Amino acid sequence: MTTEIQSKNTQIQKYVDLLKNPEKGPKKKRALARLITFIENGGPEAAKEIIPQLYPLTGKAHIIGITGAPGSGKSTLTSEISNHYLEQGLTVSVIAVDPTSPFTGGAILGDRIRMKKNFTNPNFFIRSMANRGQLGGLAMATKDVIHIIDAYGSDIIIVETVGVGQSEIDIFKSAHTTLVITPPGLGDEIQAIKAGLMEITDIFVVNKMDRDGADKRVAELETMLDFGENIQIENDYSQAKVVRCDGWRPPVIKTNGLTGENVPILLENIHRHFIFLEETGFKKKRLQFRYKHYIIEILKYFLVKNVEEIVFSNEKINEFIEKLLAYEQGSDPYTISEAILEVFLNRYFS
Amino acid sequence: MDRKIRLIVAKPGLDGHDRGAKVISRGLRDAGFEVIYTGLHQTPEDIVQSVIQEDPDALLLSILSGAHPVLLPEIMKQLKANEIDDILVLGGGIIPEEDFPALKEVGVEAVFGPGTKIQEIADFIRANLKR
């Protein structure tokens, strides 16, 4: 077993070294792909061997999140957007997340089909990932994977998530700019003022603009945005789950992903948003927020692992359990867990 | 928990029939695999690029046009050139039995023709993984 781990770590080291090499080529691409596999399969245990070595190379990419209902045209539009960036001579990577079956654990990852045009472009990289049952649509490993791709040297990273809809806040925590694709014919104004997805959007894209109802959809979204601007309510946003960007009204842009119509306008707006983030300082605020959550996720993993190990290997736990069985005041599971937590935190944080 | 096994199902060449590839993809999904389907009309370069980037455990090539004696060895050659030797490569579709040995020679581990049970393919993949 230990030799197995050793050989895995030697392999990881080989690929990390290849990735650090500034020279691009198929070998470096394969190293990137192999490292992603290690993280997908090994989780935080593998990531802690990889990320610390690559972290200094990160922080350069513009990360764009794309989400929206299934069939709204996310992959096709992602392909079009990628084309434009590639034509500008930029390096583009796409992480395409598709759902895992809750019944079998299997998945069909079909986003590549829409991106055939650039399969062999050396400046393009696509990786399909199954979300492996994570709610919110972003696979748990995605944050780590974004960092590896950033270290690889991608100017643009597009994260295309499962189109589950309204609870897609996760992507907002990882991306600089979040696009929500909403084609005509899905829902009415009430959908547009519902909480969640609609609130985290930086740019609305009404894709399939050639279809009936596209202008109506644009009007509904603009009305929703007007509501938001005219209703002023005192609220304490310090506990908010995301960083609100005051001063940015999300543009609503009609596109046709298949023909590429209006995609240049979309790109201009993505760029405008990035400049806005930098000039207003929101970029830093969002990053601080993102890393807070990143750390919390990592801590949760290792704390749970430690707590389980300590609780199950500690004799003292039996004393606590005995107390529980007395069914007395102060011997309930909550009071006892709190007592254990105090001991635990004292040991590790003081 | 067993680790997830990733597969690519690809259609090399010019034949336009992918019902079989889709049935296989769906069936293997139901068998618990993560299946990346890359669509019709793939060149060997396309397929090898997909393999480099997706890093699958196995590559399943479905071909009905009769071009397998040319395309499959070409794909194997390019995989080799990229030092990819730890993935399982399988063939499927309409491939005459007398061509099996030549394909096996270049590294296509097995060929599954019409009528194969998906369970059989799933079991074969699990038993013959190279990593």
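This is a predicted model: local features need pLDDT of at least 70, side-chain atom pairs count only at pLDDT 80 or more; totals for chains, interfaces and linings use all residues.
**Exercise 1. Which residue of strand 2 of chain B does A:Ile108 stand opposite?**

Residues are numbered from 1 along each chain as its sequence is written, while chains are lettered from A and ligands numbered from 1 in the order in which they are written.

Solution. Begin with the strands, which are DSSP runs of E with at least two residues, just as helices are runs of H or I with at least four, both numbered from the N terminus. Strand 3 (residues 107-109) of chain A is joined to strand 2 of chain B by three bridges, and the two run parallel; two strands pair if DSSP finds at least two bridges between them. Within this pairing, the residue opposite A:Ile108 is B:Val35.

**Exercise 2. Describe the side of chain B that touches chain A.**

Solution. Two residues are in contact if their C-beta atoms, placed from the backbone, lie within 7 Å, and by this rule 24 residues of chain B are in contact with 26 residues of chain A. On the chain B side, two or more residues each come from helix 1 (19-30), strand 2 (34-37) and helix 2 (44-54), and helix 2 of chain B gives the largest share, seven residues. Sorted by class, this side has seven nonpolar, eight polar and nine charged residues, where Ala, Val, Leu, Ile, Met, Phe, Trp, Tyr, Cys and Pro count as nonpolar, Asp, Glu, Lys and Arg as charged, and the others, Gly among them, as polar.

**Exercise 3. Are the residues of strand 1 of chain A buried or exposed, and which strands pair with strand 1?**

Solution. A residue is buried if 20 or more other C-beta atoms lie within 10 Å of its own, exposed if 12 or fewer, and partly exposed in between, with C-beta atoms placed from the backbone. In strand 1 (residues 62-68) of chain A, seven of the seven residues are buried. In a regular strand the side chains alternate between the two faces of the sheet. Here one side holds A:His62, A:Ile64, A:Ile66 and A:Gly68, the other holds A:Ile63, A:Gly65 and A:Thr67, and both faces are covered. Strand 1 of chain A pairs in the parallel sense over five bridges with strand 5 (residues 156-160) of chain A, where A:Val159 is the bridge partner of A:Gly65. Strand 1 also pairs in the parallel sense, over five bridges, with strand 6 (residues 177-181) of chain A, and there A:Thr177 is the bridge partner of A:Ile64.

**Exercise 4. Where does A:Tyr327 lie, and what is its phi?**

Solution. Most residues other than glycine have a negative phi, and most peptide bonds are trans. A:Tyr327, although not a glycine, has a positive phi of about 50°. The residue lies in the loop between helix 11 (316-324) and helix 12 (333-349) of chain A. With 8 other C-beta atoms within 10 Å, A:Tyr327 is exposed. In chain B, B:Glu83 also has a positive phi, near 60°, and lies in the loop between helix 3 (68-81) and strand 4 (88-93) of chain B. B:Glu83 counts as exposed, with 10 C-beta neighbours inside 10 Å.
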